[in-house]
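I set out below what I looked up in this structure, entry by entry.

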Amino acid sequence: MYSFYKINFLSRQAFLPLMPNDIFQKDTKAVAKELLGMSLVHETKEGKTVGKIVETEAYLQRDPGSHSHKGMTPRNAQMFGKAGTAYVYFIYGMYHCFNIVTNKEGIGEAVLIRALQPVNGIELMKKRRKTDDIRNLCSGPGKLVIAMGITKHHNGADLLTGTIRLLPRKKNKKIDIVTCTRVGISIGKELPYRFYIKNNPFISKP
DNA sequence: CTCTGGATTGAC
DNA sequence: TCAATCCAGAGG
């Protein structure tokens with residue numbers, strides 16, 4: 001009886017309206033911090049995977065490190081789209097990165113999701129990632145995209161209505177946030193736009 | 001058309 | 001430290 005209730009509650013949770021749909025239409029650095037502790041959910045034919053967001057980076061307008069910095073191009077167009085949609089791009093010839101578009105339409109800002117703490121569907125994540133090391137499943141932007149079954153076809157997907165969703169974190173639970181510089185970029189690397197949950201062992205690098 | 005380098009990862 | 005692997009974007 002208890003387990004039925006629990007399963008029912010968890011499955012219902014994924015379909016609840018998560019938050020007002022203007023939650024992402026504001027200061028991107030603030031959104032990057034608010035996303036920490038929220039869960040990313042993806043339902044596929046293979047099964048459902050859930051991970052808690054533990055590391056993010058903000059990419060802003062007039063930010064030399066951002067794809068959108070020099071204006072709209074075919075590749076970065078989604079960054080200028082509706083807040084709360086996915087911006088997925090291909091990088092280094094073999095990986096994809098998953099971002100959440102933020103701020104008002106036409107601005108060109110987004111939050112890169114850099115690491116998740118695996119919560120549900122861990123066996124499926126292991127299968128997709130071809131490793132059994134739980135700390136290695138989602139500890140990097142390219143890794144979590146594979147573990148969650150995200151592809152380039154999710155570029156533009158609406159996270160409030162699609163198969164990829166977000167769950168709010170427990171409101172009363174306080175999170176210790178570390179702010180530092182971004183990873184893997186050469187221009188704009190001095191800007192403190194990377195955020196992660198302090199002491200969390202699932203981030204991409206300390 | 002050619003050339004360059006990247007919001008990465010994993011092997012050496 | 002470096003190769004894998006490919007395409008967007010810039011320049012001719």
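**Entry 1: asparagine 199 and the basis of the model**

I located asparagine 199 in the segment after S8; helices (H or I, at least four residues) and strands (E, at least two) are DSSP runs, numbered from the N terminus. I read its phi as near 65 degrees, a positive value in a residue other than glycine. Asparagine 199 counts as exposed because its relative accessible area is 70%; buried means under 20% relative accessible area, exposed over 50%, and partly exposed in between (1.4 Å probe, protein chains only).

I note that this is a predicted model, in which local features need pLDDT of at least 70 and side-chain atom pairs count only at pLDDT 80 or more, while totals for chains, interfaces and linings use all residues. Residues are numbered from 1 along each chain as its sequence is written, chains are lettered from A and ligands numbered from 1 in the order in which they are written, and side-chain values use heavy atoms, with hydrogens and water left out.

**Entry 2: overall layout**

I found 4 helices and 8 strands in chain A. From the N terminus on, I read their order as α-α-β-β-β-β-β-α-α-β-β-β. Of the 206 residues of chain A, 47% count as buried. I then looked at contacts (heavy atoms within 4.5 Å). Among those in chain A between residues at least 6 apart in sequence, 59% join residues at least 24 apart.

**Entry 3: strand pairing**

I took two strands as paired if DSSP finds at least two bridges between them. S1 and S2 form a hairpin with 2 residues between them, and they pair in the antiparallel sense over 6 bridges. Within this pairing, serine 39 has lysine 52 of S2 as its bridge partner. S1 is also joined to S6 by 4 bridges, again antiparallel, and there valine 41 has arginine 165 as its partner.

S2 and S5 pair in the antiparallel sense over 9 bridges, with glutamate 55 partnered by alanine 115 in S5. Another 3 bridges join S2 to S8, and these two strands also run antiparallel; glutamate 57 stands opposite arginine 194 in S8. I recorded S2 as mostly covered, with 10 of its 13 residues buried.

S6 is covered on both faces: Ile164 and Leu166 are buried on one side, and Arg165 and Leu167 on the other. I also checked threonine 44, which lies in strand S1. Threonine 44 counts as partly exposed because its relative accessibility is 25%. Threonine 44 and leucine 167 are 123 residues apart in sequence and 17 Å apart in space, C-alpha to C-alpha.

**Entry 4: nonpolar cores**

I defined a nonpolar core as a set of buried Ala, Val, Leu, Ile, Met, Phe, Trp, Tyr and Cys residues joined through side-chain atoms within 4.5 Å. The largest has 39 residues, and those with the most contacts inside it are Phe24, Leu35, Phe98, Ile100, Ile113, Leu116 and Leu166. Helix H2 (28-35), S2, S3, S4, S5, H4, strand S6 (164-167) and strand S8 (194-197) each supply at least two residues of this core. S5 gives the most, with 4 residues. Apart from this core lies another, of 9 residues, among them Tyr59, Met79, Tyr87 and Tyr89.

What does isoleucine 100 touch, not counting residues up to four places away in sequence? I listed Phe24, Leu35, Gly84, Thr85, Ala110, Val111, Ile113, Leu159 and Leu166.

**Entry 5: helix H3**

I found Leu124, Met125, Lys126, Arg128 and Arg129 to be the buried residues of helix H3 (residues 122-129). These buried residues pack against strand S1 (39-44), S2, S5 and H4. Just after H3, lysine 130 takes a positive phi of about 55 degrees.

**Entry 6: tyrosine 92**

I placed tyrosine 92 in the loop between S3 and S4. Phi of tyrosine 92 is near 55 degrees, a positive value in a residue other than glycine. Tyrosine 92 counts as exposed because its relative accessibility is 65%.
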